[in-house]
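Please open the model in your viewer and keep the sequence panel beside it. The tour starts from a single residue and then widens to the chain around it.

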Amino acid sequence: MKQNIFQCSIFICLLCILPFLIESCKKKSSDISIFTIGQSYQGGKIFFIDNTGLHGYVAATSDQSNATTWYNGTVMTTNAISPLDGASNTTLIVTKFGNTGLYAAKICKDYRGGNYDDWFLPAKDQLKLMYEQKGKIGGFLNVGYWSSTESSLNGYAWYQDFSFGTQDNLSVNNYSQHVRAIRAF
């Protein structure tokens, strides 16, 4: 008899607690993020986390080059015009330019930080996000950094000024800029 009363008491307690447990499990994935801006992760530092809290971008912890041109000296345009998708821009650029010479997109594509092989040259808007979090990423100089986004002007590409925060375009064959690779997670 005492055992039945004890079992009933436990059952009643569970019924009282169960609604609270269910509610705590219903939290949206956007309410729970295991990542933070500036956190070291997958070979770099996180500088962007999407609305799910589970995906974002990682920047390499140091520059891959401090003076490189945007192109390899053979072809001026590649149709790498996305301001948002550096991965596809980088693929377009490297496909068009090939493996000859050192240029910004190839340097990023060849980078193997953290033993990952999916690094790319950030697009214009991704580079702006990096600039906004530069203090949490670290290692940036107050200079220009190339993006993978071509300008609408033939033979020009966008860069991000890391001292003043402005973006502008430069001739791809007359200027050298710094390069910092990123990857998605």
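Begin by selecting His 178, which in this predicted model has its place in strand S8, residues 177-179. Is His 178 buried or exposed? His 178 counts as buried because its relative accessible area is 9%, which lies under the 20% cut-off.

Next, display what surrounds this residue: leaving aside neighbours within four places in sequence, His 178 is in contact with Asp 63, Ser 65 and Asn 66, and also with Leu 141, Val 143, Gly 144, Tyr 145 and Trp 146.

Now centre on Ile 93, which, not counting residues up to four places away in sequence, touches Trp 70, Thr 78, Ala 80, Gly 98, Tyr 103, Ala 105 and Ser 148.

Finally, zoom out to the whole chain, where 5 helices and 9 strands follow one another as α-β-β-β-β-α-α-α-α-β-β-β-β-β. Of the 185 residues, 38% are buried, and among contacts with a separation of 6 or more, 60% join residues 24 or more positions apart. With the surface displayed, the chain exposes about 10,200 Å², of which carbon and sulfur atoms supply 57%.

Notes. Residues numbered from 1 in each chain as written. Predicted model: local features only at pLDDT ≥ 70, side-chain atom pairs only at ≥ 80, totals over all residues. Heavy atoms only, no water. Helix = DSSP H or I, 4+ residues; strand = E, 2+ residues; numbered from the N terminus. Buried < 20%, exposed > 50% of the residue type's maximum accessible area, 1.4 Å probe, protein only. Contact = heavy atoms within 4.5 Å. Areas by Shrake-Rupley, 256 points an atom, 1.4 Å probe, with all protein chains shown as cover.
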